[in-house]
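Hello,

Here is the structure I promised to pass on. My notes follow below it.

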Amino acid sequence: MTHRISRRTRVFCAGLGAGVLVPLTVAVTPATAATPQATCTSAQPALATKLQKDITTALANRGGTVAVGLHDRSTGTTCTLRPTQAYDSASVVKVTVLATLLWDAKKTNRFLTQRESDLATAMITKSDNAATTKLWNQLGTTKVKGFLAAAGMTRTKPGANGYWGLTQITVQDEQKLLALLTARNTVLSDNSRAYVLKLMGKVVSSQRWGTPAGAPSSVAVHVKNGWLSRSTHGWRVHSVGTFKGAGHDYTISVLTHGNSTMNYGVTTIQAVAKAIHKDLVPTRAKRYTPTTDPQEAFPAVPAS
């Protein structure tokens with residue numbers, strides 16, 4: 001379910017358990033600090049220099065705490081900023097939930113049931129929280145931790161007491177997950193990887209914001225976003241995506257908290273994304289324009 005939030009109100013809601021909403025008042029002003037410096041390396045040194053400069057420029061005068069991850073297989077390019085900073089996952093964890101489900105099914109050489117497939121589709125394409133809670137409870141944290149260990153996502157900590165939206169994630173681990181989805185590996189089967197990417201490519205239009213911003217039309221886009229407001233660190237706003245085309249194969253993760261509003265965080269993420277896409281795939285072709293009214297479902301978290 002997607003909940004529309006007035007931009008004028010300062011009273012927000014946080015999800016409780018399986019979709020119960022409680023009012024939560026938040027008043028946070030992004031802290032002003034020195035512009036963080038991204039670190040980039042590449043087989044093309046000039047590209048690394050440009051990306052480092054443009055990502056840093058995109059973050060100039062932006063409040064909050066931002067972490068960035070970029071990897072382009074085609075040019076051997078990697079950029080990082082605060083790769084091990086931990087954030088509440090919000091709905092971004094739903095990709096991990098689906099990957100865990102597929103990893104667990106692979107171990108017993110079985111297909112997903114129709115129920116599981118329906119829940120997975122709702123969870124990713126519509127960010128359905130009730131569907132996520134059902135799959136999270138079915139799997140249990142033991143299986144989630146098993147997948148995280150297999151994936152090498154050692155810094156990701158599942159949320160306790162069923163609060164999957166409070167799973168602790170890092171850019172480093174999100175990039176590891178996206179790498180598994182976009183190249184052959186022993187953790188996820190080729191069919192599993194294709195299935196996850198297919199659903200990430202069908203996210204409803206109101207949730208197709210964030211890392212796809214500025215991607216040229218020649219590049220295939222797969223995305224999952226999340227946001228959450230709590231009494232500490234203000235709004236968490238995140239976006240992870242995979243992009244392939246025009247001679248490039250790259251993944252982007254941007255995690256943020258300390259935002260004054262959801263839209264403030266979205267704007268920060270999209271400024272970074274536009275800089276990355278422009279530098280990797282310079283083109284005058286039509287570029288992807290995300291929704292001007294970004295929405296995302298509230299994740300399951302306890303009352304603040």
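Contact here means heavy atoms within 4.5 Å. The model is predicted, so local features need pLDDT of at least 70, side-chain atom pairs count only at pLDDT 80 or more, and totals for chains, interfaces and linings use all residues. Residues are numbered from 1 along each chain as its sequence is written, and side-chain values use heavy atoms, with hydrogens and water left out.

Start with Thr251. Strand β10 (residues 248-259) holds it. Leaving aside residues up to four places away in sequence, Thr251 touches Gly69, Leu70, His71, Gln175, Leu178, Thr182, Gly241 and Thr242. With Gln175 there is also a side-chain to side-chain polar contact at 3.0 Å (a pair of N or O atoms within 3.5 Å; within protein, one must be able to donate a hydrogen and the other to accept it, and residues adjacent in sequence count only if both atoms are side-chain atoms). Thr251 counts as buried because its relative accessibility is 5% (buried is under 20% relative accessible area, exposed over 50%, partly exposed in between; 1.4 Å probe, protein chains only).

Next, two loop residues. Asn109 is exposed, at 73% relative accessibility. His233 sits in the loop between β8 (220-229) and β9 (235-245). Phi of His233 is near 65°, also positive and also not in a glycine. At 46% relative accessibility, His233 is partly exposed. Helices (H or I, at least four residues) and strands (E, at least two) are DSSP runs, numbered from the N terminus.

Best wishes
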